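These are my notebook entries on a structure that is new to me. I set down what I looked up, one topic at a time.

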Amino acid sequence: NPIPQDLFAAINELKKELNAVILAHYYQEPDIQDIADYIGDSLGLSQQAANTDAEVIVFAGVHFMAETAKILNPDKLVLLPDLNAGCSLADSCPPQEFQAFKDAHPDHLVISYINCTAEIKAKSDIICTSSNAVKLVEQIPPEKPIIFAPDRNLGRYVAEQTGRDLVLWQGSCIVHETFSEKKMIELQVEHPTAEIIAHPECEPAVLRHAKYIGSTTALLKYCQNSNRDKFIVATEPGIIHQMKKAAPNKQFIPAPAMNNCACNECPHMRLNTLEKLYLAMKNKTPEITLPEDIRVAALKPIQKMLEMS
Ligand code: 13P
Ligand code: SF4
């Protein structure tokens with residue numbers, strides 16, 4: 001399978017041939033963002049997947065995102081350029097252990113962050129994303145106890161924002177755990193006019209310095225509309241590509257990781273490349289499949305989220 005010189009042209013050609021739509025998350029490498037039909041956060045991407053009339057969905061993101069697209073579109077071909085693009089947060093919540101956790105809290109409503117497997121979704125009442133979690137929890141009657149899974153940092157943030165006492169599954173994301181509070185403060189001293197903005201998956205030590213906390217789309221909009229011209233960005237730095245496009249005169253500094261490594265880049269997201277995207281479309285593989293009983297059970301809480309958002 002020779003790789004064409006002009007991958008952009010070849011991918012655009014395949015897009016027409018397959019009647020495909022390319023959906024990309026902000027954490028994808030810049031080239032992938034530039035070829036995508038739609039770039040967004042997890043909520044935006046699932047809304048696009050729910051409404052597309054394309055026959056093929058090429059999902060440039062991680063497995064749980066493409067899986068959500070397949071749950072919503074059982075009859076469409078859903079391609080993921082690299083099937084190994086997983087998620088440490090989704091991995092931190094194995095179905096058997098989660099079932100035992102649920103059984104220990106039998107009267108609780110289960111709200112799960114979309115960053116989980118279809119099996120966990122199938123065991124949940126409502127799915128949320130980082131952009132609607134607070135809004136969805138606020139719609140639950142105050143007397144109803146809630147399990148929130150799998151991200152403990154987002155869970156803690158939602159509990160603070162809503163004043164609710166959530167039972168938290170203790171999962172976390174390797175990328176958002178990696179930011180160093182100390183290095184971030186040193187950077188803030190170096191750039192006193194810069195504003196720290198953060199994704200709610202970050203640890204409380206980082207979140208407490210943030211002037212603004214939100215999903216990737218919310219962070220992007222915030223930078224665009226703010227009258228500040230410098231930001232320290234505590235989330236995966238892939239988003240900075242769109243921030244620079246949206247506000248070319250502003251400066252965006254990635255928040256530093258503990259040991260100056262590039263480990264603030266998501267190793268799962270970055271498994272996808274433009275070449276793999278081309279090959280997935282050319283060969284119509286790797287495709288996402290899942291058992292129908294799990295798909296049907298996982299669809300309900302996703303639909304609930306889409307209705308409530
Ligand atoms: P959002 O897409 O909701 O901003 O979440 C980011 C994320 O961690 C995806 O894995
Ligand atoms: Fe998962 Fe974290 Fe990567 Fe998002 S950034 S896909 S939560 S590992």
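**Entry 1: the sheet with S3 and S4**

I began with strand S3 (residues 56-60), which three bridges join to S4 in a parallel run. In S4, Leu77 is the bridge partner of Val56. I note that the model is predicted, that local features need pLDDT of at least 70 and side-chain atom pairs pLDDT 80 or more, while totals for chains, interfaces and linings use all residues. Residues are numbered from 1 along each chain as its sequence is written, and chains are lettered from A and ligands numbered from 1 in the order in which they are written. Helices (H or I, at least four residues) and strands (E, at least two) are DSSP runs numbered from the N terminus, and two strands pair if DSSP finds at least two bridges between them.

I then traced the whole sheet: it is open, has four strands in the order S2-S1-S3-S4, and its pairing is parallel. Strand S2 (38-40) and strand S4 (77-79) are the edge strands, each pairing on one side only. On average, neighbouring strands of this sheet are turned by 20° against each other, direction ignored. H14 packs on the sheet and touches strand S1 (20-25), S3 and S4; its direction makes about 160° with that of S3. Axes here are lines fitted to C-alpha atoms, for helices over the stretch in contact, and angles run from 0 to 180 degrees between N-to-C directions. Contact is counted when C-beta atoms, placed from the backbone, lie within 7 Å.

**Entry 2: helix pairs**

I looked next at helix H1 (residues 7-18) and helix H14 (residues 274-283), whose axes come within 10 Å and cross at roughly 30°. The two are therefore roughly parallel to each other, a term for angles under 35 degrees, with over 145 counted as roughly antiparallel, 65 to 115 as roughly perpendicular and the rest as oblique. The contact involves Leu7, Ala10, Ile11, Leu14 and Leu18 of H1, and Leu274, Glu275, Leu277, Tyr278, Met281 and Lys282 of H14. By class, I recorded nine nonpolar, no polar and two charged residues in the contact of H1 with H14. Nonpolar covers Ala, Val, Leu, Ile, Met, Phe, Trp, Tyr, Cys and Pro; charged covers Asp, Glu, Lys and Arg; the others, Gly among them, are polar.

For helix H4 (residues 63-72) and helix H15 (residues 292-308), the axes come within 9 Å and cross at roughly 95°. That makes H4 roughly perpendicular to H15. Thr68, Ile71 and Leu72 of H4 meet Arg295, Ala298, Leu299 and Ile302 of H15.

**Entry 3: the sheet with S5**

I found another open sheet of four strands, in the order S6-S5-S7-S8, with parallel pairing. S6 and strand S8 (167-168) stand at its edges with a single partner strand each, so one side of each is left without a neighbour in the sheet. Four bridges join S5 to strand S7 (residues 146-149), and Val110 stands opposite Ile147 in S7. In S8, Val167 is the bridge partner of Ile147. S5 also pairs with strand S6 (residues 126-128) over three bridges, where Ser112 stands opposite Ile127.

Is strand S5 (residues 109-113) mostly covered or uncovered? I found four of its five residues buried, that is, with 20 or more other C-beta atoms within 10 Å of their own C-beta atom, placed from the backbone (exposed: 12 or fewer; partly exposed: in between).

Methods
Two residues are in contact if their C-beta atoms, placed from the backbone, lie within 7 Å.
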